[in-house]
Amino acid sequence: MGRSRVLLAALASLSLALGAAGSAQAGAGEGDGPAAAAAEAGGGRPGVGLPPVVSHVPTQEKVVFITIDDGWNHDPEAARILLEQRVPASLFLLPGATAYDTGYFTTLAEQGRVTVENHTVSHPDLTALDAAGKDAEVCGAGEQLEAAFGRQPKLLRPPYGVLNDDVRLAAKACGVQAVITWTHDFTTWSGTPATPRLKSGDIVLLHFTPTLAADLRRALDAARAAGLKPAALMPHLKAAGLL
Ligand SMILES: [Zn+2]
């Protein structure tokens with residue numbers, strides 16, 4: 001499976017390497033601000049056509065983007081908030097984290113306003129894998145999520161926000177239209193992070209952990225305090241000219 005895609009990616013990678021000689025293009029990663037996203041607008045270096053890397057959506061609209069990663073913990077309270085408040089969140093799910101209780105996510109997708117997006121199969125640092133490895137992780141997750149949820153994911157969040165142009169190229173070969181990192185991580189890890197003042201177009205990162213309900217409330221409250229409404233990513237990526 002995916003042999004021709006791997007070959008295609010390898011050839012494209014070669015041409016990219018030749019074409020990129022002498023150009024200084026930084027890969028965007030965790031913590032990139034609006035400037036990095038703006039620099040990526042239009043798909044990166046002209047002519048290459050890689051999917052854009054977006055950590056913040058340039059927009060004048062009073063919107064913020066809620067994204068929730070992984071999928072291991074299936075808290076009913078978090079699902080209730082997403083459904084009752086009709087939060088248009090992007091869920092970057094690992095197929096293995098959904099497989100033991102797919103219904104938790106199909107309910108959210110069918111009755112709520114969430115979309116299921118790609119976060120790889122086994123959460124590796126994609127930059128450490130060869131072309132075949134990237135293909136297996138990104139295309140493999142896309143195929144499994146499409147089989148489970150009936151829609152091919154269009155967005156990829158690389159694990160740890162780690163990526164380079166080879167990752168973007170592999171993502172493109174798997175049908176990914178944009179690589180999404182984040183502006184602010186609201187996840188309670190060892191402690192609850194300070195709540196930042198959200199701005200239009202910010203991308204909020206959350207995780208399916210036992211604190212998701214509380215973290216989600218904190219994010220929604222911060223959005224409300226800033227006069228921002230949660231919105232779906234895809235239409236705003238298009239409106240911003242990123243797709
Ligand atoms: Zn993750």
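Trainee: Is Arg86 buried, exposed or partly exposed?

Mentor: Start with the scale. Buried means under 20% relative accessible area, exposed means over 50%, and partly exposed lies in between, with a 1.4 Å probe and protein chains only. Arg86 has 41% relative accessibility, so it counts as partly exposed. One caution: this is a predicted model, where local features need pLDDT of at least 70, side-chain atom pairs count only at pLDDT 80 or more, and totals for chains, interfaces and linings use all residues. Residues are numbered from 1 along each chain as its sequence is written, and side-chain values use heavy atoms, with hydrogens and water left out.

Trainee: Where is Arg86 found, and what is its phi?

Mentor: Most residues other than glycine have a negative phi. Arg86 is not a glycine, yet its phi is positive, about 45 degrees. Arg86 sits in the loop between α3 and β3 (90-93). Those labels are DSSP runs numbered from the N terminus: helices are H or I with at least four residues, strands are E with at least two. Tyr160 is another non-glycine with a positive phi, about 65 degrees. Tyr160 lies in the loop between β5 (155-156) and α7. At 46% relative accessibility, Tyr160 counts as partly exposed.

Trainee: Which residues of helix α3 are buried?

Mentor: First the general idea. An α-helix has 3.6 residues a turn, so residues three or four places apart point the same way. In α3 (residues 76-84), the buried residues are Ala78, Ala79, Ile81 and Leu82. They span an arc of only 160 degrees around the axis, which puts them on the same side of α3. That arc is taken from the directions from the helix axis to the C-beta atoms. Pro76 and Glu84 are exposed, on the face turned away from the buried side.

Trainee: What covers the buried residues of α3?

Mentor: The cover includes β2, α5 (102-111) and α8 (212-225). Contact here means heavy atoms within 4.5 Å. Look at the start of α3 too. There a side-chain oxygen of Asp75 comes within 3.2 Å of the backbone nitrogen of Glu77.

Trainee: What does the side chain of Arg224 touch?

Mentor: A polar contact is a pair of N or O atoms within 3.5 Å; within protein, one must be able to donate a hydrogen and the other to accept it, and residues adjacent in sequence count only if both atoms are side-chain atoms. The side chain of Arg224 makes one with the side chain of Asp221, at 2.9 Å. Arg224 is in helix α8. With a relative accessible area of 52%, Arg224 is exposed.

Trainee: Which residues are the protein donors of the zinc ion?

Mentor: Donors are N, O and S atoms within 2.8 Å of the metal (3.2 Å for Na, K and Ca); water is not among the atoms, so sites may look incomplete. Here the protein donors are Asp70 (OD), His119 (NE2) and His123 (NE2), 2.1 to 2.2 Å from the zinc ion. Asp70 is in strand β2 (residues 63-70) and His119 in the loop between β4 (115-118) and α6, so the pair ties together parts 49 residues apart in sequence. Both Asp70 and His119 are buried.

Trainee: How many disulfides does the search find?

Mentor: A disulfide is a covalent bond between the sulfur atoms of two cysteines. The cut-off is a pair of cysteine sulfur atoms within 2.5 Å. The search of the whole structure finds one. Cys139 and Cys174 form it, with sulfur atoms 2.0 Å apart. The S-S torsion of Cys139 and Cys174 is about -95 degrees, so the disulfide is left-handed.
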